[in-house]
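Work through the exercises below with the coordinates open. Each task is followed by its solution.

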Amino acid sequence: MDFLQLTNRTILEAGVELDPLTTGTFASPSDPMYTRFKNYVRDAWFEIQMSRSEWEFKTKTQMTLIRPRVKVILGDRPTAPPVDSVFEGDTTEKQITVKAVQLLEGSWSAGTAVAYLDLDDVDTAGWVFGETFDEVDPTPANVDVFQLKWYGQYNLVADTAGTFEINKASFYIQDVDGSDRRRLNFVSWENFQQLANTSGTAFFGEPMFVTETQDGEWDFFPRPQKQYRIWYDYVTSPQELTDDDDVPTLPTEYHDAIVWRALMNYADYDEKPQVFARAERRYKFYQNTLETNKLPTITFGFNPYDTTQF
């Protein structure tokens, strides 16, 4: 059923004296009661979506590519570094090749740029934070172009349209050559900081752990030393019903759940306990069926402290 059909079905079950809406009258109905019923249906669908984050019909899998990423400050260049530009550290003489630039704040032309730089393959050690880099190619005349601040982080939610929440336990990593996928172990931000500061592992390498930062970005440890594919599951943002022909992403056989939930909202507002009780009984049937058929199967989880299983 689409939004129009769901609204008319709810009106019918409510037993109110209203004619069915049509495609011509749906957008701007003459009677305010129609608008209320549209809102009951819209709210019911939103509430069902938000009731469980694990609904299978709201879960998708994403694959994205990540590269070595660093954060730089005091970016000073007429324009952002172009793709495949090369820079060299003043102290270590370490050379890096830029593959992409993400400006976070400031301006390159004003010498105030703060940015993430995605890099080509990098050395695993020997990095000095605070080091200033000069340009080698294409414009060697550009000196003191930026200062290396810290590792870069990844905004996976913003990079994947329609993402509401990422499943922290779903991460896998894979070489771009298509080798077997390997699980990434999620750790809390607090444990991640301790791990990164005390492990003695090289700055960059093959990631084994993933975390969500306090700013809602994502970080890996070791930080990737080359390009990888990562895979993860995410929950889509709640769908909002707006137009008469909008169809809920809920499987068709469960659309009546929206009707009965909407009727509960109507009965609650209009203080009709008998209608509410009837609608609640019917809604509970669909709710229980949904939870049985459209939630993940319960299994034994992996031990997050046993790295031999990854």
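**Exercise 1. Classify Arg 223 as buried or exposed, then list its surroundings.**

Step 1. Arg 223 is buried, because its relative accessible area is 6%; buried means under 20%, exposed over 50%, partly exposed in between, with a 1.4 Å probe and protein chains only. The model is predicted: local features need pLDDT of at least 70, side-chain atom pairs count only at pLDDT 80 or more, and totals for chains, interfaces and linings use all residues. Numbering starts from 1 along each chain as its sequence is written, and side-chain values use heavy atoms, without hydrogens and water.

Step 2. Strands are DSSP E runs of at least two residues; helices are H or I runs of at least four; both are numbered from the N terminus.

Step 3. List contacts (heavy atoms within 4.5 Å). Beyond four places in sequence, Arg 223 touches Trp 150, Tyr 151, Phe 192, Ala 196, Phe 203, Phe 204, Gly 205 and Pro 207. Its side chain also reaches the backbone oxygen of Phe 220 at 3.5 Å.

**Exercise 2. Trace the pairing of strand β6.**

Step 1. Strands pair if DSSP finds at least two bridges between them. β6 (residues 132–137) pairs with β3 (residues 86–89), antiparallel, over 4 bridges.

Notes:
Polar contact = N/O pair within 3.5 Å; in protein donor to acceptor, adjacent residues only side chain to side chain.
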